[in-house]
Structure formats: structure tokens, C-alpha cells
Amino acid sequence: MAHDDEPLYKSLIRDTTAYFAFVLLVTTLGPFQFGYHLSELNAPQDVLTCKKLSGESSALDRLPQCIPMNTAQFSVVTSIYTLGGFIGALGAGPSCNRYGRLLTMRLTTVSFVLGSIIETFATNMSVLCLGRFVSGLGCGATIVVVPIFIAEVAPPKEKGLFGSLTQISICLGILIAQLLGYFLSKGNLWRIILAVSGALGLIQLAGLLLVPESPRWLAEHRSPQNARRILHKLRGHHADIDAEVKAWDIDATEEDISEEETLLSAAPGSHPAPNPKAASASINLWQAIKQPAYRPAIVAVVAVMFTQQLTGINSIVMYSVSLLSTLLPTTASLLIVAVSALNLIATIIFSPLSDKIGRKTCILISIAGMGTCAVLLALGLLFGIKILAAVATLVFVASFAFGLGPIPFILANELVGPEAVGATQSCALAANWIATFLVSQFFPIVDQALGGQGKVYFIFAGFALVSGSFIAYWVPETKGKSGVEEVWGKREARERIE
């Protein structure tokens, strides 16, 4: 357990066992897939849609070299992924509450593999859409369950830091997709980009066979002794876990302990069947929305998730090559690889800040930076100022990494009690997918309707101003708070409910 005055690197060395690192590596392959699928079509867009034909030959030549599509059709292929993500996000909350975090993560890998196979061998737009939809189902679910799982296995004092691994993995997925796109956007080689996801899905499925269930979930489902055993394995057998276990605030009856005796020798990943008592104590999505006690938190996470997307980050992730190609025809693809690398590096560098200066402060600084850079990017594209457009793009992405990238994924765990985390996270990610759909479907259409030249970024800047003001007023700071009552404050909570 980290001490407040202890250097971060020392607490990380002590708290991160080899097994804990393995668990994080395997589970974060899910968010990696989310980022990978977001940007897999960015670089090869012109080749895939037959705008650029190549004489390159490969073993995939029996399949069509491209699939003819116009801008509107390509927008549908891009955005159908978000529809799958929306459905996956809604289903993941109830699933991970009732059947466990581990089983839900395993099921997502099936979507990764199946979706990738369909995409890779697609011969027309409809089949490509189907593959993107199936991939989206897995990505929508994984982006709900993985942040919950990480929050429950991370050392309490470093939840913000380890919680940022979700966004770091997303950034890495985006970078790898853009890098592969830079080298493979020719001939039929773009299909290899789509096939990589399936291979990673198989690797993750194999790794998840060695990953345990969340100790917190086990403790809540009448397996406190099994939960302690797994937590000891994650922290190291010489670690003192009493304070962490006490924070679960879960009483184990003799009946509960006797029921789990046979589980103590079970393989990693084994967990009890759904417990009716625990299931009845969990709050589903509709119950969370109906109950006034949870509404302030739902409004908060939905507002932050909408802001994450409607400030324009995915316009860069999904469409930046085509957006910048008119201004930077020879370097647009290379610039986007650099932008993706910067996104990853900045996210890693900034990840400790949420535990130092606070979640809310990081988010507000992030929004201010993105709004300012959106205006500068619009001006750079509008007046043909190459250096301004390039620098604004880089700082725009760095600002996103400062707070609005990683922090929204950990807020649900800190704004509600454990009984409503799954429902709140599902609600938050459903909002995220709706906003992602709006950007992926309508960004190229609105940009074209406004005459191109980046004028659409003035809209993103306006939204940054409005949403930033609302978040400053509504969303509480969660850094250093030990519980929901302390986060909201009893008096403040009553005022919001009334």
C-alpha cells in the first residue's frame, strides 16, 4: 500500500507483482482492440474505397482489391462499429454484475475473432459492415468491464494511475493501427490490418484462462476467502491486505464460507455461480435511472462521456488522413502516425496527474486545451497555414491525453457504490458510443456541407465551451475521497435529489 509521502516509483515497484502485471497486460488487450478498430480504416480509406488502385500483389489476390464506396457509404461502414459498441456496452453492465468480470471479458474475445474474420474476407460493403458491427459488440462490452476490473484489482492509492491503463491501451491500439496502415495501405494488404485483431483476440482468450476473477466481485458473491486468496496472489503473499479487505465492507457468514470451501483449490478464473442475494442487491440500468439517488452520478458520467467524444477527438482518429491530405498531401499519413505516438506518450506521462491534482482539474484543463486547439486547427485549415494546422493537431491530441482521455473511464467506480457500478458504467459507455456514432457518421458529411476547410472544428470548440462549463458546475472531485457520501457530500446529494 502506497504512503502519501512515498515516491510513486517506489510504491509501483512494491505493489506491482509479476502476476499482477500479467493480469493487467492480458485484460488491457480489450481496450487495445477498441482503439485499434476505431482507427483501422483511417489510413487505408482511399485504397479500400477504390479511390487509389495499386498493382501490388499478395496472397489475398483472390479477394477484391477494393470495395467501391462513396463518402456517405464509407461513413456508414465506419459508424456501424459504434452501433455494435452501443449494444455491447448496454449488455456488459448486467453481465459483469451477474456472471462476473472474467466471464464477460472472455466473451468479448469471441466478438474480436469473429468480427475480424468477417472483415478480413469481406467482398462487399454489407459484409464489411457486418464484421465491423460484430467487432463493435466486443469493443463496447470490453470498454465497460475492463475499467471496472482494473479499478477492483488496482492498489487503492494508485487507482487513478492504473485506471489510465485503459486509455493507454486504446492509444496503443490506435498507434499500431495507424502504423500498419502507413505500410499496408496498398493492393490487398489492407486486409492484413483487419486480420491482426483476430489474432490478438485468440491471444487474449488464451491469456484470460490464467486470469482470476475480480476479488471484489467474489467477495460480494459470498466468496470472501477465495477473494482474499486471489488478492494475496495479486499483491504478493507478504503484502498486508487487511485494510483493503476491510474497505470492501462485506460480512462473511459461516454459510458463505462453507459454500466456497471447494473453490479454494480451484484454478484461476473460477468463481461461484450467480448468487441470488448478490444479484438482487445489484442495480440494473433501468433501476439506476429511476432512482433519484443515482441520477447525479449518471448525469455526471454521461456529460463527461459526451464531452470526451463531441470535442472532436475521433475526427482525428478516424478521418484525419483524408482531412489533412488536401493541405499536407505528402505527409498527412506520417503526421497521423506521429499524432498517434504523441497520444500514447502524453497519456503515459500525464497518467499520474489525476492522483496528484485531481480528476476534475485534469478534465477541465483538457477541455480548455482541446477547445483552443480546435479553433486554431480550423483557422489553419481555413487559411492554409500548414504549420498552424500541424501544431494545433498535435497539441489538440496532447490536451485530450491530459485528462479527457483516461479519466472518464474511472469516474463511474468513484461516483456510485459497488451495487450500481456496472449499470452506471454501461450508461456512461452507451452515451460514449452514441456520441462516437454522431462524430463518425456525420463529421465528413457536416464538414463537406460547410465547404470543408476545417470549419466544423468551430462547432467542436463551441461544444467544449458549453460542456466544460457544465462539468465545472456539476461534476464533483473524487480524488482522495473514500466513499460516495464523501464524494457528493450528504447535504449536496440531498439538494441534487430534491
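Which residues do ring pairs link into a cluster? Tyr319, Phe396, Phe443, Tyr457 and Phe460. Keep Tyr457 in mind. One caution before we go on: this is a predicted model.

Let's start with the rings. The structure holds 14 aromatic pairs. I'll show you two. Take Tyr81 and Trp433: their pair is edge-to-face. The centres are 5.2 Å apart, and the planes make an angle of 75 degrees. Now look at where the partners sit. Tyr81 is in helix α5, residues 71-98. Trp433 is in helix α24, residues 421-449. That is 352 residues apart, so the pair links distant parts of the chain. Both Tyr81 and Trp433 are buried.

Next pair: Phe396 and Tyr457. This one is edge-to-face too, with 6.4 Å centre to centre and 90 degrees between the planes. Phe396 belongs to helix α22, and Tyr457 to helix α25, residues 456-474. The two are 61 residues apart, and again the pair links distant parts of the chain. Buried or exposed? For Phe396 the relative accessible area is 0%, so Phe396 is buried. Tyr457 also comes out at 0%, so Tyr457 is buried.

What does Tyr457 touch, leaving out residues up to four places away in sequence? Ser315, Ile316, Leu323, Ala374, Leu377, Ala378 and Phe443.

Now the core. The largest nonpolar core has 130 residues. Within this core, Leu429 and Tyr457 touch the most other members. Which helix gives the most to this core? Helix α7, residues 125-153, with 12 residues.

You'll find Thr27 in helix α2, residues 18-27. Its relative accessible area is 0%, which means Thr27 is buried. What surrounds Thr27? Beyond residues up to four places away in sequence, Thr27 touches Met105, Val146, Phe149, Gln204, Leu208 and Val211. Take Phe149 from that list. Thr27 and Phe149 are 122 residues apart along the chain, yet their C-alpha atoms are separated by 8.5 Å.

Last stop, the surface. In soluble globular proteins, nonpolar side chains tend to be buried together. Here we have a nonpolar patch on the surface. Phe383, Ile385, Ile387, Val391 and Val395 form the patch. Together they have about 470 Å² of accessible area. Let's pick Val391, in helix α22, residues 386-404.

Terms used
Residues are numbered from 1 along each chain as its sequence is written. This is a predicted model: local features need pLDDT of at least 70, side-chain atom pairs count only at pLDDT 80 or more; totals for chains, interfaces and linings use all residues. Side-chain values use heavy atoms; hydrogens and water are left out. A nonpolar core is a set of buried Ala, Val, Leu, Ile, Met, Phe, Trp, Tyr and Cys residues joined through side-chain atoms within 4.5 Å. Buried means under 20% relative accessible area, exposed over 50%, partly exposed in between (1.4 Å probe, protein chains only). Helices (H or I, at least four residues) and strands (E, at least two) are DSSP runs, numbered from the N terminus. Contact means heavy atoms within 4.5 Å. Patches are made of residues with over 30% relative accessible area and no salt bridge: like charges are joined within 9 Å, nonpolar side chains (Val, Leu, Ile, Met, Phe, Trp, Tyr) within 5 Å. Accessible areas come from the Shrake-Rupley method with a 1.4 Å probe; for residues, only the protein chains shown count as cover. A salt bridge is a side-chain nitrogen of Lys or Arg within 4 Å of a carboxyl oxygen of Asp or Glu. Rings of Phe, Tyr and Trp (its six-membered ring) pair if their centres lie within 6.5 Å; planes under 30 degrees apart count as stacked, over 60 as edge-to-face and the rest as tilted.
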